[in-house]
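Biologist: Hey, can you walk me through this one? I'd like to start with the rings.

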Amino acid sequence: MSNLPTEQISKLLDIAILAARAGGVVLDSYWGKQLNIREKGRAGDLITEVDQKAEAEILKVIKRHYPDHAILAEESGIMGTSDNQYLWVIDPLDGTTNYAHSYPQAAVSVGLIVSGIPTVGVVYNPMLKELWSAAQGLGATLNNIPIQVSTTDKLGNSLLVTGFAYDRRETEDNNYSEFCYLTHLTQGVRRGGSASLDLCHVATGRLDGYWERGLKPWDLLGGIVILKEAGGKISAYDGSEFDLYSGRILATNGYLHSALSQALLNTPHGADLSFK
Ligand code: IPD
Ligand code: CA
Ligand code: CA
């Protein structure tokens, strides 16, 4: 637990919501319009003017209220030093590919780590007017209504979600085998296209579990706080302690955690899914 008094955590949460809403205004204003889209380096890793403009608005809010805090933002990188007690972690547009195709599964994600502990999370999809927020010890809400994870406890009854990183064509560790195997064992596996929303959908009980590799801290931090506060569980694939910088996450309602972990570890990799 971070040792901050509840009042201070609430204030930090309010500012995180303000910042996410400021980014959301930018996503909303460019929604459905012709965008200036580029690839960042890898095929399919897109960036638009919206990513950068949304990030600028989010940063303005955080810097106005907390000029001394450190910030890690996807488009601007790290600002501040590693000994800072506070680290804001920001993805201004999580789900850029969806957004660029006018598929309304994209969000602003704002998270805050205090003394090494994920403490505040806000994920906002302005296109669908859904705002998730949570802070350590204060619970999780969707549009101010408390949320909780599902109680599904068998893989055979579950609906899961996963994703495929931009390096999927360059590595055999591309999650294709896991996707096929879990599709076989469950009622279905969705590919949402926004890691932060994937986590929020598990937190809301719409989905029962999520796994993915190749992720960055800004894809995950906001959604992690929300999922944990909604009663969910996160770990590495093998159930060991989650590391925000490892790129890999297993996130579930808790009831399915060990079954999904076992399935990931036991996935057969023999089938030819290389498409070469
Ligand atoms: C991506 C999304 C996607 C995940 C990718 C991420 P971006 O973030 O979260 O769901 O599969 O690995 O990079 O590029 O849209 O911010
Ligand atoms: Ca992202
Ligand atoms: Ca992004």
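Predicted model: local features only at pLDDT ≥ 70, side-chain atom pairs only at ≥ 80, totals over all residues.

Biologist: Okay, and which ring does Trp31 pair with?

Modeller: Trp31 forms a tilted aromatic pair with Tyr99, at 5.3 Å centre to centre and 55° between the planes. Trp31 sits in the loop between helix 1 and strand 1, while Tyr99 is in helix 3, 68 residues apart.

Biologist: Is Tyr99 buried or exposed?

Modeller: Tyr99 is buried, with a relative accessible area of 2%.

Biologist: Why is the pair of Phe164 and Tyr176 edge-to-face?

Modeller: Their planes are at 65°, so the pair counts as edge-to-face, with the ring centres 5.7 Å apart. Over 60 degrees is the cut-off for that label. Ring pairs also link Phe164 and Tyr176 with Phe179 into a cluster.

Biologist: New topic: what coordinates the calcium ion (ligand 2)?

Modeller: Asp91, Asp94 and Asp219 do, at 2.1 to 2.3 Å. Asp94 lies in strand 5 and Asp219 in helix 6, so the pair ties together parts that are 125 residues apart in sequence.

Biologist: Are those two buried or exposed?

Modeller: Asp94 counts as buried at 6% relative accessibility, and Asp219 counts as buried at 11%.

Biologist: And how far apart are the calcium ion (ligand 2) and the calcium ion (ligand 3)?

Modeller: They are 3.7 Å apart, and Asp91 coordinates both.

Biologist: Last one: where does the charged end of Arg21 sit?

Modeller: It sits over the ring of Tyr124, 5.3 Å from the ring's centre.

How values were computed:
Residues numbered from 1 in each chain as written. Chains lettered and ligands numbered in written order. Heavy atoms only, no water. Donors = N, O, S within 2.8 Å, 3.2 Å for Na, K, Ca; no water. Helix = DSSP H or I, 4+ residues; strand = E, 2+ residues; numbered from the N terminus. Buried < 20%, exposed > 50% of the residue type's maximum accessible area, 1.4 Å probe, protein only. Phe/Tyr/Trp six-rings, centres within 6.5 Å; stacked < 30°, edge-to-face > 60°. Lys NZ or Arg CZ within 6 Å of the ring centre and 35° of its normal.
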